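Hello,

Here is the structure I promised to hand over. My notes follow below it.

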Amino acid sequence: MADNNKLDKTFDPTAIETRLYEAWENEGCFKAGRVLVQDPEAKPYTIVIPPPNVTGSLHMGHALNNTLQDILCRFERMRGRDVLWQPGTDHAGIATQMVVERQLAE
């Protein structure tokens, strides 16, 4: 920012996101094990969250899937399990490839 009264035309998240991500890593936010302090014998329970697909259209199936994952993670955490609900990798490779190829062809 040039001065305190003006905002830049474009947002550059690098400085903020880098600082936050480092803090999250230092605090162990991406690790299971918070329950382990209380119970070293807690069994692990992990669900990988697929990212949004490249088509960008979310639907009720996405809402249902995330709701069920949230319920399962909370339930298992209440049962004393060591739960990690982790963002994952793209699960829709074929759909992604089709969209990218269509965009490249245009």
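Is tryptophan 24 buried, partly exposed or exposed? Keep in mind that this is a predicted model. Tryptophan 24 has a relative accessible area of 42%. Buried would require under 20%, and exposed over 50%. Tryptophan 24 is therefore partly exposed.

Where does this residue sit? Tryptophan 24 lies in helix α1, which covers residues 14-27. Trp24 also belongs to a nonpolar patch on the surface.

Now the chain as a whole. There are 3 helices and 2 strands. Read from the N terminus, their order is α-β-α-β-α. The chain has 106 residues, and 15% of them are buried. Its accessible surface is about 9000 Å². Carbon and sulfur atoms hold 58% of that surface.

Last, confidence. The mean pLDDT of the chain is 78. A score of at least 70 is reached by 76% of the residues. Among the elements, α1 has the highest mean pLDDT, at 87. That is the helix with tryptophan 24. The lowest mean, 80, goes to helix α3, residues 93-105.

Best regards

How values were computed:
Residues are numbered from 1 along each chain as its sequence is written. This is a predicted model: local features need pLDDT of at least 70, side-chain atom pairs count only at pLDDT 80 or more; totals for chains, interfaces and linings use all residues. Side-chain values use heavy atoms; hydrogens and water are left out. Patches are made of residues with over 30% relative accessible area and no salt bridge: like charges are joined within 9 Å, nonpolar side chains (Val, Leu, Ile, Met, Phe, Trp, Tyr) within 5 Å. Accessible areas come from the Shrake-Rupley method with a 1.4 Å probe; for residues, only the protein chains shown count as cover. A salt bridge is a side-chain nitrogen of Lys or Arg within 4 Å of a carboxyl oxygen of Asp or Glu. Helices (H or I, at least four residues) and strands (E, at least two) are DSSP runs, numbered from the N terminus. Buried means under 20% relative accessible area, exposed over 50%, partly exposed in between (1.4 Å probe, protein chains only). pLDDT is the predictor's confidence in each residue, from 0 to 100.
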